[in-house]
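Below is what I looked up, topic by topic.

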Amino acid sequence: MLLRLAPAVTLLALAAPIVLGTAFTLLPAFGFFPAIGGASFGFHGWNSLFATPGFSTALRLTLTTGLAATVLSFACAVGFSATAAQWPIFAVLRRSLVPLLASPHSAMALGFAFLVMPSGWLVRLFSPWATGLERPPVNLITVQDPLGLALVGGLLLKEIPYLVLMILVASAQIPVGRTLSAARALGQRPAVAWLKVVFPQIYPQIRLPIFAVLAFSLSAVDVGLILGPDNPPSLAVLATRWFSDYDLANYYPAAAAATLQLLLVIACVFGWWAAEIPVSYMARRWIERGGTDRLSGILAGSAAAGSVLAGVLGLLSIFDMAIWAFARVWRFPDALPTGWQISTLVRQGDHMLATAGTTTAIGALSVLVALILTLACLENEQRRALRPGATALWLLYVPLVVPQIAFLFGVQVLLVRIGLDGTLLAVAWVHLIFVLPYVFLSLADPFRTLDPRYAASAAALCASPLRVFLAVKLPLLLRPILMAAAVGFAVSVGQYLPTLFAGAGRVVTLTTEAVTLAGSADRRVIGFLSLVQSMLPLLAYGIALAVPSLLFRHRRELLR
């Protein structure tokens, strides 16, 4: 009976906060906010938004950076996959993506800022022998530039590895090797063969991840605060500032900005979907025309080079944070510090340990609940022989596609009404909205593809369904369960806006602290904070890989 309720509880945990939160955000956008001056329909929030100095620039910045980051990350991921599909290392590439995927967006953005700023590591590596610079260039703006190029670059460092991973997962569902061999036998170049015969089969499976990337790129707040222009900022950052203001009258334009952000994401998602029609028609004609098409191979190779560059810059960003965390003196244009120290660790150790403990507690609680709900839903699905369709997959992606700013303020209003705002439990609950989809998507395929003969054999020995689940399925699925938990924990660690709203400023995590200190002059503190922020998810991945090997090492010895 309890298993039958699991899908409804899971749906309620995902949908209720989003629906109610969106409603409580839409109401102030049209004047209905009894907390300040009664409730009356009106457009004064929209009028204030449109009259804001720099509004048109903020709107343009939101669209250009969001669409550019999505298109470039998609092109680079596809080009890399097409070029590297037949590399022997391609099959094991998933593990090499872990450092880039585990590092939160804000930590990667801070490392990238340290890398590309006028006094950053890239300029130091080429100075003075190549640039002739003895001092940082004062007229060069590489971070928070007006065009948002740094913001696009920071988004690419995370979105390209994510889309490559999604392509890897989708490729496992089709016989890529045999398909490519048949296309190569017809004279097609390797990359072109992948584009013509493999990519059309996997694109429907990666459409939802692309929409998630599009929604995040259009509405990123933490990356926008660190790398984006400051005056005016992007629309999501502008709304966040108004929501965080002590003047309650700013909630009206803030709600209007959040509503507009939601409309922009919806319009861009439908625009992408509509663009698939002419693109698919032209692609079909290109495939039917045949030929080796050398230009397509060159373009795929160029996109692959862009992916490799993004990966290298991402790893350098992580390494750069580690250097700054322990640098004693690092004057420009020295390529490396002249000395090392741990004074930052000594000074910030207690505060950092407490903040890391809070971050870990929130992540562990949200992951635990997500695992329970996910396993209950999958077990119920298997016992009742259910086959979830595309609607269920869409429901899982709703928290990832709907911009956070569009409903989190409403969730905060809801938490205030029930007296839970500013508590650890509230933050963990809001984190669950984003953790649960990743945990479910990570664990669903391993659970569904588990050989049913194991459970049948245990049932033949008179084991109850509960005992089969606990004694047979869970041990066999230990590694996927731990990996799903590590993925969910990494997602929780990186949550900035959910922590900011649900925590009401009273719950501090590594991510909120890192974004708050982003404008600080002490790069050592920021570097150390970002390093710890990145190391927590990496530690979770390490535990997920090590625990099954340690627990089942005696079984490997018996098989020798």
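These entries cover the core, the salt bridges, one histidine and a surface patch.

**Entry 1: the core.** I am working from a predicted model. I looked for the largest nonpolar core and found 174 residues in it. Leu49, Phe74, Trp194, Ile206 and Phe243 touch the most other members. Helix H10, residues 190–219, gives the most to this core, with 18 residues. I also noted a second, separate core of 5 residues, with Ala455, Ala458, Ala463 and Val468 among them.

**Entry 2: leucine 49.** I found leucine 49 in helix H2, residues 44–51. Is leucine 49 buried or exposed? Its relative accessible area is 0%, so it counts as buried. Setting aside neighbours within four places in sequence, I listed Phe55, Leu235, Trp242, Pro253, Ala256, Ala257 and Leu260 as contacts of leucine 49. I also checked a distance: the C-alpha atoms of leucine 49 and alanine 300 are separated by 42 Å, and the two are 251 residues apart along the chain.

**Entry 3: salt bridges.** I counted 7 salt bridges. Lysine 473 pairs with glutamate 379, with the closest N and O atoms 3.0 Å apart. This pair links distant parts of the chain: lysine 473 is in helix H20 (residues 465–476), glutamate 379 is in helix H15 (residues 343–383), and they are 94 residues apart. Why do I call both buried? Lysine 473 has a relative accessible area of 6%, and glutamate 379 has 3%; the cut-off for buried is under 20%. Glu379, Arg383 and Lys473 are linked in a network of salt bridges.

Next I looked at arginine 506, which forms a salt bridge with aspartate 421 at 3.5 Å between the closest N and O atoms. Both sit in loops: arginine 506 between helices H22 and H23, aspartate 421 between helices H17 and H18. Arginine 506 is exposed, at 53%.

Aspartate 451 and arginine 453 form another salt bridge, with closest N and O atoms 2.7 Å apart. Aspartate 451 is partly exposed at 26%, whereas arginine 453 is exposed at 60%.

**Entry 4: histidine 105.** I placed histidine 105 in helix H6, residues 105–116. Its side chain makes a polar contact with the side chain of glutamate 159, at 3.3 Å. Beyond four places in sequence, histidine 105 touches Lys158, Glu159, Phe216, Asp222 and Val223.

**Entry 5: the surface.** I noted a nonpolar surface patch of about 490 Å², made by Leu263, Ile266, Phe270, Trp273 and Trp394. Helix H13, residues 251–289, gives the most to the patch, with 4 residues. Tryptophan 273 lies in helix H13 and counts as partly exposed, at 35% relative accessibility.

Key: Residues are numbered from 1 along each chain as its sequence is written. This is a predicted model: local features need pLDDT of at least 70, side-chain atom pairs count only at pLDDT 80 or more; totals for chains, interfaces and linings use all residues. Side-chain values use heavy atoms; hydrogens and water are left out. Patches are made of residues with over 30% relative accessible area and no salt bridge: like charges are joined within 9 Å, nonpolar side chains (Val, Leu, Ile, Met, Phe, Trp, Tyr) within 5 Å. Accessible areas come from the Shrake-Rupley method with a 1.4 Å probe; for residues, only the protein chains shown count as cover. A salt bridge is a side-chain nitrogen of Lys or Arg within 4 Å of a carboxyl oxygen of Asp or Glu. Helices (H or I, at least four residues) and strands (E, at least two) are DSSP runs, numbered from the N terminus. Buried means under 20% relative accessible area, exposed over 50%, partly exposed in between (1.4 Å probe, protein chains only). A polar contact is a pair of N or O atoms within 3.5 Å; within protein, one must be able to donate a hydrogen and the other to accept it, and residues adjacent in sequence count only if both atoms are side-chain atoms. Contact means heavy atoms within 4.5 Å. A nonpolar core is a set of buried Ala, Val, Leu, Ile, Met, Phe, Trp, Tyr and Cys residues joined through side-chain atoms within 4.5 Å.
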